[in-house]
Amino acid sequence: MESSQTTDEKKAHIEAVELDPNFKFEISKESGGENITSCFQCGTCVAVCPVAAKNPEYDPRKIIWMALLGLRDEVLSSKAIWLCSTCYSCYVRCPQNVKITSVMSAIQNIASREGHVHPSYEAGLEMLKKTGRTVELSEFENQKREKLNCPPIEENALATIKILDETGILKKKEKNKKKGEEG
Amino acid sequence: MKVAYFLGCNVALRTYEYDAAVRRIAEKFGIELMDSKDFVCCGYPAAPQDHSTFLALAAQNLVAAEEMGVDYIVSVCNSCTATLSKVNKLLKENEKEREHINKILKNSIGKEFKGTLEVRHFLRFIYEEVGLDEIKKAITNKLNPVRVAPHYGCHYLKPPEVFDFFEDPIVPHTADDLMALTGVVPVKYENMKQCCGGAILAVDEDTSISMVREKLIHVHEAQADVLAVHCPFCNVMYGEYQKDPRIDIDFKVPVIFTPQILGLALGFDAKQLGMKKKVAKLFLEPQEAPESKSEEVGAHG
């Protein structure tokens, strides 16, 4: 999952015929992506972004501009889209109310459907299916809790499993994986 | 007053001391925190992958709380609070989404989201429902003027519309106000709202660690004695990851939970609040005046 923009093979120019002009509308149809076309590229988002301050690979303005241009494959397969820390710093300061944090989530949803999800998030859902939580429960935790006069925690993944089965998220992932392997 | 008490994953299984402090404070003010075995993960980890799954996972917790017949579900994790608030608001206001999610809930667990309650972070809950005056009256132990750097955490403040704009997301004050009642000195420091980086820890550990490092330096530069958080994952980041060799700083910043400070002032001891004795002593026992510290500490210390 390398960002195509950071490799040596960076293109000198963009071929208009390779662009997908519908990509921005595809994003705006996703929940959270509605306002992407309001972006006027001022750069407030990247200026206030605590992740961008540490890792220039993450540049929300660039991701949005690439999406608006229609660089669909580059955006969906980039590692950068998974670097949003959901801090909402850009969200509260964006003069165009683009709701960048939500736009990023919409882009991540499309990328996930196409098999590009970051492995750490996949592992998270697998864990939920096992225990209903993201942290595993052992005797140790409940002993600690008892000492602090806190009631014990029970494992209870049943409802979570039923919901994951109903939305089909884990099955969809399997399908995508197979598709990816065949392709 | 009875409220549903939502722990989430990291308070239940990693930062029990936070849970303990919150339970003690609630008892003090006659707030009955009702646990439920149906409360599981809030749904946050599913958000980047599938919006419907995210909504349905959060909704199962909201539905479980609705069935308890309470007006509030009180959460202690910033991210759980933001997730539950966001989904609660969306499902209440957006009929199409509500119908879609209720279909999923009906087919999977035979339940329905009704939209009968409100979500609150515990800190906001006591700030608004108990109020500063009542909390002040209940304080039995005036604490030392320890210099405390508050870290609000992103999901306590933002997105502000899901929290009814109860806090100013740019200049927050509720944790400062609560702590100031106890005698400690809330301090301002550079880039106070800097994110802990917890959400991308598994994606890019180096970036998260460098965010933690910078925060610790800013807190140290402001001559704060401790960093106070009210989110379990911010605590994991600043507490556990402070030991990471990549942090490479020559000082230590004790990380505690804001309710532990309140708990000490309300008369609970370190053990009841799951606090290290050494840290609790800072607040309770007479201190030698450190030369390098600012005047207000020297004058009282």
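Into which domains is chain A divided? Select residues 18–113 of chain A for domain 1, then 119–182 for domain 2; such bounds come from an automatic or database domain assignment. The C-alpha centres of these two domains of chain A lie 28 Å apart.

Before going on, note how to read the numbers. This is a predicted model, in which local features need pLDDT of at least 70 and side-chain atom pairs count only at pLDDT 80 or more, while totals for chains, interfaces and linings use all residues. Residues are numbered from 1 along each chain as its sequence is written, chains are lettered from A and ligands numbered from 1 in the order in which they are written, and side-chain values use heavy atoms, with hydrogens and water left out.

**Stop 1: the domains of chain B**

Select 2–122 of chain B for domain 1 and 141–287 for domain 2. In contact (heavy atoms within 4.5 Å) are 25 residues from domain 1 of chain B and 28 residues from domain 2 of chain B. The C-alpha centres of the two domains of chain B are 24 Å apart. Between them, domain 1 and domain 2 of chain B bury about 2200 Å², with 71% of it on carbon and sulfur atoms. Buried area is the accessible area (1.4 Å probe) that two parts lose on being put together, summed over both.

Now show the side chains of B:Arg14 and B:Glu240, which meet in a salt bridge at 3.5 Å, N to O. The term stands for a side-chain nitrogen of Lys or Arg within 4 Å of a carboxyl oxygen of Asp or Glu. The count between domain 1 and domain 2 of chain B is one salt bridge.

On the side of domain 1 of chain B that touches domain 2 of chain B, colour helix H1 (8–13), helix H2 (16–28), helix H4 (78–93) and strand S4 (118–121), each of which supplies at least two residues. Helices (H or I, at least four residues) and strands (E, at least two) are DSSP runs, numbered from the N terminus. H2(B) gives the most to this side of domain 1 of chain B, with eight residues.

**Stop 2: where the chains meet**

How many residues does the contact take from chain B and from chain A? Chain B gives 61 residues and chain A gives 55 residues. Chain B and chain A bury about 4800 Å² between them, 63% of it on carbon and sulfur atoms. Select B:Leu13, B:Tyr16 and B:Gln49: they supply 16% of the area that chain B buries against chain A, more than any other three residues.

Two salt bridges are found across the interface of chain B and chain A. For one of them, select A:Lys54 and B:Glu214, whose side chains meet at 2.7 Å, N to O. A search of the whole structure finds 25 salt bridges over all chains. A:Lys54 lies in the loop between helix H2 (44–48) and helix H3 (60–69) of chain A and B:Glu214 in helix H10 of chain B, so the pair joins two chains.

**Stop 3: two backbone details**

Most residues other than glycine have a negative phi, and most peptide bonds are trans. Go to B:Lys158 and B:Pro159, which are joined by a cis peptide bond with omega of about 0°. B:Pro159 lies in the loop between H8 and helix H9 (174–180) of chain B. Then select A:Tyr88, where phi is near 65°, a positive value in a residue other than glycine. A:Tyr88 is in the loop between helix H4 (72–76) and helix H5 (89–93) of chain A.

**Stop 4: confidence**

Colour chain B by pLDDT, the predictor's confidence in each residue, from 0 to 100. Its mean pLDDT is 95, and 96% of the residues of chain B reach 70 or more. Last, select residues 295–301 of chain B, where pLDDT stays under 50 and the model has 11 contacts beyond four places in sequence. Where pLDDT is low, the predicted coordinates should not be read in detail.
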